[in-house]
Amino acid sequence: MIGRALDSNNDLVVAPKGNLKLVEDGAETVQHVRTRLQFYLEEWFLDLDAGTPYFQQIFTKPANLANIESIFKSRILNTPEVLTLTEFSMDYEGGSVRRLNVSFSAETTYGVINNEKVTINV
């Protein structure tokens, strides 16, 4: 697969002559997983069922960590080209930072993705 490259802020990456930079195969799959994890449910008005249920199930008190882990694993595994999830971990940084770091490794149709990290600012 080939997709448009996104930077760490999910903005399009523009090459020197104004062309859009592209990513393909495994790099595109990693980018797709990252985008799926950072995409909030009901964020896109054309499909309110697309996205991760942050406000509905993740940003709840008390937090149900088993449910949150299950949601993230499901989002990764249901990404096209991802075959199996081989490693997964979540780490929450509280205080003034308030960040959730998700790390994973997976087998894809393009090979193995090792130790990818996705940061969600909460």
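**Exercise 1.** Which side chain meets that of lysine 73 in a salt bridge?

*Solution.* This is a predicted model: local features need pLDDT of at least 70, side-chain atom pairs count only at pLDDT 80 or more, and totals for chains, interfaces and linings use all residues. Residues are numbered from 1 along each chain as its sequence is written, and side-chain values use heavy atoms, without hydrogens and water.

Step 1. Apply the rule: a side-chain nitrogen of Lys or Arg within 4 Å of a carboxyl oxygen of Asp or Glu. The partner of lysine 73 is glutamate 69, at 2.8 Å, N to O.

Step 2. Helices are DSSP runs of H or I, at least four residues, and strands are runs of E, at least two, numbered from the N terminus.

Step 3. Buried means under 20%, exposed over 50%, partly exposed in between (1.4 Å probe, protein chains only).

**Exercise 2.** Find the salt bridge of glutamate 93.

*Solution.* Glutamate 93 meets arginine 99 at 3.5 Å, N to O. The count comes to two salt bridges.

**Exercise 3.** Characterise the site of isoleucine 120.

*Solution.* Step 1. Isoleucine 120 is in strand 5 (residues 111-121). Step 2. Isoleucine 120 is buried, with a relative accessible area of 4%. Step 3. Beyond four places in sequence, its contacts (heavy atoms within 4.5 Å) include Leu37, Tyr54 and Phe72. Step 4. The C-alpha atoms of isoleucine 120 and leucine 100 are separated by 5.1 Å.
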